[in-house]
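The exercises below are to be worked with the sequence and the structure in view. Each task is followed by a stepwise solution.

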Amino acid sequence: MSFDLPILEQLIHLKLSRMGPRGERRFHHCHSVAKKMLELAHHHELKLDDDVIMLTGLIHDYAKYTTMEEFRRLALKYPEINEHLEAPMKTLHALCGPYVIMEELGITDEAILRAVAYHTTGHPVMDDLGELVFLSDFTEENRVGEIHAHIRTLSEQSIKKAVAWILHDTLEYINQLKQPLHPLTVEAYVAYQQYL
Ligand SMILES: [Fe+2]
Ligand SMILES: [Fe+2]
C-alpha cells in the first residue's frame, strides 16, 4: 500500500486537534506511540516498513472522540459494528476505529486496520505490527508508574513476553475493580500466557 505519510499526519492532527487541548495531548501521545514502535522494531530487527509503523502509531487513536451516534450511523453501512456497540467507549474507539479510518482517510491496509482494532483489548492472534502498537500504547514515554517501567524493560528483552505481562496485569486490574473483561482480552491472555 502506498500513502503520503506527511499528509496523513496532518489529517490525523486536524481531526484530533478539533477537540482542543485534550486532542493536542492525544496527538502527542500518538506520536510517542509511533516513536516507541519504531524504537522497538529497530531494536528487535523486525522486518517492517518504517512508514507503516509510523502511520499505525499516529492513527491508532483516530476514533478516540467518535461519538456513539457516529458509531451507530457507521453501523448502518458496516453492520458488523453492531456486535461491538455494547463495549465500553474505551474499547469501542479501537474496535470500530478501522471503519472511521476507512471512511475518512480511505486506508484499507488490513494489517494497519487490524493493529488499530485490537490495540486496546489485544487479540489471540497478533502480528508484529499489532503487538508493537499494543505494547507501545502501554510503554510510550508519557506513561509513568512502576508497571509501565517494568513492561518497558521487559519489552527490550522480548516483545511477546511484554505483551503477555500487559495482558496479565490488565486482567488482574480489571478483576480487582470487578469490571467486566472483554472476551478478546481473556482469549489473548490464554494465547500469550506461555510467554510469561
Ligand atoms: Fe486507544
Ligand atoms: Fe493510545
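**Exercise 1.** Are His93 and His119 buried or exposed?

*Solution.* Both His93 and His119 are buried (under 20% relative accessible area with a 1.4 Å probe, protein chains only; exposed is over 50%). This is a predicted model, in which local features need pLDDT of at least 70 and side-chain atom pairs pLDDT 80 or more, while totals for chains, interfaces and linings use all residues. Residues are numbered from 1 along each chain as written, ligands from 1 in written order, and side-chain values use heavy atoms, without hydrogens or water.

**Exercise 2.** Identify the donors of the iron ion (ligand 1) and their spacing.

*Solution.* Step 1: Asp61 (OD), His93 (NE2) and His119 (NE2) coordinate this ion at 2.1 to 2.2 Å, donors being N, O and S atoms within 2.8 Å of the metal (3.2 Å for Na, K and Ca). Step 2: along the chain, the donors follow D-x31-H-x25-H. Step 3: the pair His93, in helix α5 (residues 89–95), and His119, in the loop between α7 (110–117) and α8 (128–139), lies 26 residues apart; helices are DSSP runs (H or I) of at least four residues, numbered from the N terminus.

**Exercise 3.** Which residue coordinates both iron ions?

*Solution.* Asp61 coordinates ligand 1 and ligand 2, which are 3.5 Å apart.

**Exercise 4.** Characterise the surroundings of His29.

*Solution.* Step 1: His29 belongs to helix α2 (residues 21–43). Step 2: its relative accessibility is 7%, so His29 counts as buried. Step 3: beyond neighbours within four places in sequence, His29 contacts His60, Asp61, Asp137, Glu140 and Arg143, contact meaning heavy atoms within 4.5 Å.

Key: Helices (H or I, at least four residues) and strands (E, at least two) are DSSP runs, numbered from the N terminus.
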